[in-house]
Amino acid sequence: MKGRVLFIRLLLAGVSSMLPAWALESPTWVVDPAAPGDHLPPVGGSLFDALFAGTRDGRVTHMLPFPFEKLLARVDAQLIGDPASLLPPAKRVLIPLGRSLQRTAAAPDYFRFPRVVVGVDSPPVPGALLLKDRLYIGYQEKSAVLEVISYNEAAGRFEFQLVKDYRAGGDPQVFYANRNICFACHQNGAPIFSRALWDETNANPQVAATLAQVGRRFYGIPVGRGVDVPYAIDNAVRRANRFALTQRLWREGCGAGEVGLRCRAGLFEAALRLRLAEGRAAAPDAAFEAAVERPLRASAARLWPAGLAVGRPDLPNRNPLQGLARWPDDQVEGVARSHVAARFDALLPRSPDTVWRGEAPDALAEAVAGVAEFVADGDWLRLKAALVRRPQRLASAMAAVVASPAGRSLLADQPIPRAGLIAALLTALGEAPRKSSPTLWPAARLELPASPPNSTASGPLPAALAGFHAWCAACHLSAERFPPNFLHGPAAGLEARIRQCAPRIYVRLAMARRPLAERDKTPMPPETLLPAFRTHAAAWAVSPERAALEGVVAAQLKAESGRDPDLETLLADGYEALRPCLATDQ
């Protein structure tokens with residue numbers, strides 16, 4: 001027997017020695033969901049800021065049109081619509097029972113106040129901002145909140161923002177969101193959306209019919225709609241989730257110094273040629289192979305031998321009305337329908353969508369196509385016209401950019417300087433670049449409590465409850481009520497706030513002890529964030545820290561009922577039947 005085991009081990013060792021490096025290692029995440037980065041932009045600002053910035057009383061601020069139809073009209077005015085289509089340039093759907101943090105805000109009037117999701121998938125009018133695939137807005141009228149995901153070109157990342165008090169007579173305030181919360185679901189640092197057939201949206205005939213019964217207008221959005229609109233949003237979201245890969249290949253893949261500079265120049269020139277050929281890629285020539293292909297493949301082999309994993313942007317399709325003949329009159333039954341089972345939860349860790357590998361035959365074509373998504377801005381038509389008149393000038397124009405001090409600065413290690421490179425090329429082609437006004441940036445603000453709850457002003461933190469701050473503060477210590485901000489407030493009231501939340505906290509902590517297939521809800525903290533705590537799901541399930549937190553709320557529940565809490569009993573009427581997890585002093 002021992003000889004047989006030794007033979008198998010030797011056989012496996014021999015097979016392993018013949019496998020490529022990427023088959024023996026895990027790929028590197030393009031975006032690490034456990035490392036969301038600074039909440040505020042490290043440089044620049046969001047496209048949402050740029051689009052709605054204005055001056056009031058001598059200071060730069062956000063000028064947000066209201067009602068929501070006017071805000072949508074402002075976005076549409078920046079875009080080129082398809083004359084052959086009846087669809088608006090910015091696509092919008094209605095989602096009464098979704099999976100966002102705002103999913104319970106309209107309870108129990110989900111169909112009277114459906115959440116609106118808007119995604120831009122249309123090119124810009126000449127001179128306008130490039131919003132295509134880069135701006136997404138969620139609107140919940142009942143809570144008067146806009147949730148915004150929009151691109152920051154200077155930082156090469158998507159920003160997450162909240163607009164509060166967006167209502168008639170309100171004073172809308174724009175804040176950058178806590179990225180720890182956002183990344184728990186947006187694990188690739190970008191927008192997410194459902195897979196086909198998008199049954200949460202009004203593309204579902206049953207959802208549309210229930211919305212129509214309410215008898216109100218929904219911000220000019222037709223209730224009856226086929227799958228064309230959610231399909232367009234889905235495609236935009238998929239393209240948006242490739243941006244991080246493109247930026248990483250541009251910056252790290254090309255490398256530093258003169259080699260990196262010429263690699264990025266070659267990528268940009270190839271992307272322009274791809275755009276000019278309407279997506280029909282030409283065979284790479286010797287210059288491209290020398291400047292781009294060889295250094296990029298070499299860098300990939302050194303930096304990412306197992307490849308770069310792109311996070312999955314799509315969630316399993318979910319029909320919240322499955323098996324329901326009509327929307328129930330009973331409010332409790334209706335609220336129960338807002339429950340999101342663990343298998344549908346956006347918090348559930350998702351496997352990679354794809355893995356980019358430098359040695360793959362199509363690796364360079366994908367890199368070029370990714371950069372091509374960064375050249376179709378409001379000046380593209382002018383650049384295209386100039387190149388059509390003088391197609392042979394592209395190579396010499398790019399060479400002139402590379403030779404100039406300004407061009408070398410643009411092609412240094414930084415996120416793709418789309419507008420700067422296009423302006424430099426226009427100049428090299430003898431065209432006067434468009435004169436543009438400096439971008440106005442409203443002050444970036446983060447919505448956080450005024451002072452930490454364990455500060456001297458709020459009193460000492462009870463030792464038995466300190467663990468909740470250690471493990472939960474990243475998401476539940478904020479001024480936002482979604483997710484429940486039970487850690488926000490004076491330390492003296494913390495025990496009462498946790499008691500209010502105890503049934504739901506107990507369920508989410510206890511779920512970590514259950515096998516994956518038996519979970520009604522996803523555990524807390526979200527599994528994707530556990531690496532930030534230097535642990536993982538299996539270790540967290542048996543850790544004394546988790547057991548201590550569970551013990552605190554279990555003791556509170558026993559003090560209420562006189563018996564130890566039981567998961568089946570607590571969930572007998574469904575998770576949403578548990579008392580709301582909201583701070584009692586707010």
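**Exercise 1. How many disulfides does the count come to?**

Solution. The model is a predicted one. A disulfide is a covalent bond between the sulfur atoms of two cysteines. For the count, a pair of cysteine sulfur atoms must lie within 2.5 Å.

Step 1. C254 and C263 are joined by a disulfide, with an S to S distance of 2.1 Å.

Step 2. In C501 and C581, the sulfur atoms are 1.7 Å apart, and these two cysteines form a disulfide.

Step 3. By this rule the count is two disulfides. With the bonded cysteines of the protein chain numbered in sequence order, the pairing reads 1-2, 3-4.

**Exercise 2. Describe the handedness and the surroundings of each disulfide.**

Solution. Step 1. The link of C254 and C263 has -60° about the S-S bond and is left-handed. Both C254 and C263 are buried.

Step 1. The link of C501 and C581 has 100° about the S-S bond and is right-handed. C501 belongs to helix α18 (residues 494–510), while C581 belongs to the segment after α21 (567–570), so this pair ties together parts that are 80 residues apart in sequence.

Step 2. Buried means under 20% relative accessible area. C501 has a relative accessible area of 0% and is therefore buried. C581 is buried as well, at 8%.

**Exercise 3. At what angle do the axes of helix α9 and helix α13 cross?**

Solution. Step 1. Two packed helices are described by the angle between their axes and the distance between the axes. Helix α9 covers residues 257–276 and helix α13 covers residues 380–389; their axes come within 11 Å and cross at roughly 85°.

Step 1. Angles of 65 to 115 degrees count as roughly perpendicular. The helices α9 and α13 are therefore roughly perpendicular to each other.

Step 2. From α9, the residues L272, R275 and L276 take part in the contact; from α13, they meet W380, L383, K384 and L387. Sorted by class, this contact of α9 with α13 has five nonpolar, no polar and two charged residues.

**Exercise 4. Which residues of helix α16 are buried, and what do they pack against?**

Solution. Step 1. Helix α16 spans residues 418–428, and its buried residues include R418, L421, I422, A424, L425 and L426.

Step 1. The buried residues of α16 pack against α8 (243–253), α9, α13, α14 (393–403) and α15 (405–410).

Step 2. Just after α16 comes G430, which takes a positive phi of about 85°.

**Exercise 5. In what order do the strands of the six-stranded sheet stand?**

Solution. Step 1. The order in this open sheet is β4-β5-β6-β7-β8-β9, and the pairing is antiparallel.

Step 1. At the edges stand β4 (90–95) and β9 (173–176); each has a single partner strand, so one side of each lacks a neighbour in the sheet. On average, and with direction ignored, neighbouring strands of this sheet are turned by 20° against each other.

Step 2. Strand β5 (residues 115–120) runs antiparallel to β4, and six bridges join the two. In β5, V118 stands opposite R92.

**Exercise 6. Describe the three-stranded sheet.**

Solution. Step 1. Its strands form an open sheet in the order β1-β11-β13, with mixed pairing. The edge strands β1 (28–29) and β13 (352–356) each pair on one side only.

Step 1. Strand β11 (residues 308–311) pairs with β13 over four bridges in the antiparallel sense. L308 has W356 in β13 as its bridge partner.

**Exercise 7. Is T528 buried or exposed?**

Solution. Step 1. T528 is located in the loop between α18 and α19 (537–541). With 9% relative accessibility, T528 counts as buried.

Step 1. Beyond its neighbours within four places in sequence, T528 is in contact with P33, A34, F183, A184, Q187 and P349.

Step 2. T528 and A35 lie 493 residues apart in sequence, but 9.7 Å apart in space, C-alpha to C-alpha.

Note on methods. Residues are numbered from 1 along each chain as its sequence is written. This is a predicted model: local features need pLDDT of at least 70, side-chain atom pairs count only at pLDDT 80 or more; totals for chains, interfaces and linings use all residues. Side-chain values use heavy atoms; hydrogens and water are left out. Axes are lines fitted to C-alpha atoms, for helices over the stretch in contact, and angles run from 0 to 180 degrees between N-to-C directions. Angles under 35 degrees count as roughly parallel, over 145 as roughly antiparallel, 65 to 115 as roughly perpendicular and the rest as oblique. Contact means heavy atoms within 4.5 Å. Ala, Val, Leu, Ile, Met, Phe, Trp, Tyr, Cys and Pro count as nonpolar, Asp, Glu, Lys and Arg as charged, and the others, Gly among them, as polar. Two strands pair if DSSP finds at least two bridges between them. Buried means under 20% relative accessible area, exposed over 50%, partly exposed in between (1.4 Å probe, protein chains only).
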